[in-house]
Amino acid sequence: NAPAANDPAQTKTPHARTTLADVYIPAATRQLPVASVEGFAVGDTILIKHPITPDYLRFMGMDHLERAGRTEHWIGSSIATERRIAAIHGNTLLLDVPITDDYDPRFGGGLATTVTAVPAPARLHDSGIEAFTLTAPSVSIPLDAPHFDAIHITYAEDVWLRDLDIHDTTNFIQVEAPARRVTIDRVDLTN
């Protein structure tokens, strides 16, 4: 069977891309004004990529980092935020979850911030670890030796850790992108 001529799956622009509108967008909003909504559709996963500019680093007080008397530098050239489009109204994308940072054109927001439709990563979801005790050997090891890591969460969403006791691990709990919506409740860590 050939797809219908008006089938949205056949007419959608793959990997649609735009920029934010050239306006201040406050944190905690679900409304994301963009330069154009062409090619975007409700349900799309988007990546909002905010460049780290010298003005942004100065504003955040991160332009003169120092630790133990040594100069340190911001690592990375952007901050990426993943969201899903819940609705589209004019040139505004309504997001599934509010943004956690503001986007200010003076500091790399606005036209410098890109919004791109991306394939949603496959994630474990609606799962958790509960009422569990984990104890590693209480030993001192060199940095280049294998470590005793407890929990590492990456490709997961809407997951939780609850009522855990973790003892003597090298690294306790690591949560890394693209993990999202991870709840950690009543977890005791001792070393």
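Predicted model: local features only at pLDDT ≥ 70, side-chain atom pairs only at ≥ 80, totals over all residues.
Me: Two strands pair if DSSP finds at least two bridges between them. How many bridges join strand β3 to strand β8, and in which sense do they run?
Reply: Strands (E, at least two residues) and helices (H or I, at least four) are DSSP runs, numbered from the N terminus. Here five bridges join β3 (residues 45-51) to β8 (residues 114-118), and the two run antiparallel.

Me: What does the secondary structure of the chain come to?
Reply: The chain has two helices and 13 strands.

Me: Which strand order does the six-stranded sheet have?
Reply: A sheet is read by listing its strands in the order in which they pair. In this open sheet the order is β1-β8-β3-β6-β7-β2, with antiparallel pairing. Its edge strands are β1 (17-19) and β2 (31-33), each of which pairs on one side only. From one strand to the next the twist averages 40°.

Me: Which strands pair with β7?
Reply: β2 joins β7 through three bridges, running antiparallel, and Q31 has L94 in β7 as its bridge partner. On the β6 side, β6 (residues 78-89) pairs with β7 in the antiparallel sense over four bridges, and I88 stands opposite L93. β6 and β7 also form a hairpin with two residues between them, and G90 in the turn has a positive phi of about 60°.

Me: What is in contact with L93, leaving aside its neighbours within four places in sequence?
Reply: Contact means heavy atoms within 4.5 Å. L93 sits in β7 (residues 92-95) and is buried, at a relative accessible area of 0%. Its contacts include R30, L32, F40, I46, I85 and V115. R30 is 63 residues away along the chain, yet the C-alpha atoms of L93 and R30 are separated by 8.1 Å.

Me: How does the three-stranded sheet read, parallel or antiparallel?
Reply: This open sheet has the order β9-β11-β13, and its pairing is parallel. Its edge strands, β9 (124-135) and β13, each pair on one side only. The twist averages 5° from one strand to the next. β11 (residues 156-167) and β13 pair over nine bridges, and the bridge partner of L161 is I184 in β13.

Me: Which backbone angles deserve a look?
Reply: Positive phi in a residue other than glycine is one thing to list. A68 has a positive phi of about 55°; its place is in the loop between β4 (65-67) and β5 (70-72), and at 78% relative accessibility it is exposed. R181 has phi near 55° as well, but R181 is found in strand β13 and is partly exposed at 35%. For omega, the case is the cis peptide bond joining A177 and P178, at about 15°. P178 lies in the loop between β12 (171-175) and β13 (180-190).

Me: How do I read the overall dimensions of the chain?
Reply: The radius of gyration is taken over C-alpha atoms, and the globule rule is 2.2 Å times the number of residues to the power 0.38. A compact globule of 191 residues would come near 16 Å, whereas the chain has 21 Å. Along the principal axes, the C-alpha atoms fill a box of roughly 65 × 55 × 30 Å. Buried residues make up 28% of the 191. Among contacts between residues at least 6 apart in sequence, 67% join residues at least 24 apart.

Technical notes: Residues numbered from 1 in each chain as written. Heavy atoms only, no water. Axes fitted to C-alpha atoms, helices over the stretch in contact; angles between N-to-C directions. Buried < 20%, exposed > 50% of the residue type's maximum accessible area, 1.4 Å probe, protein only.
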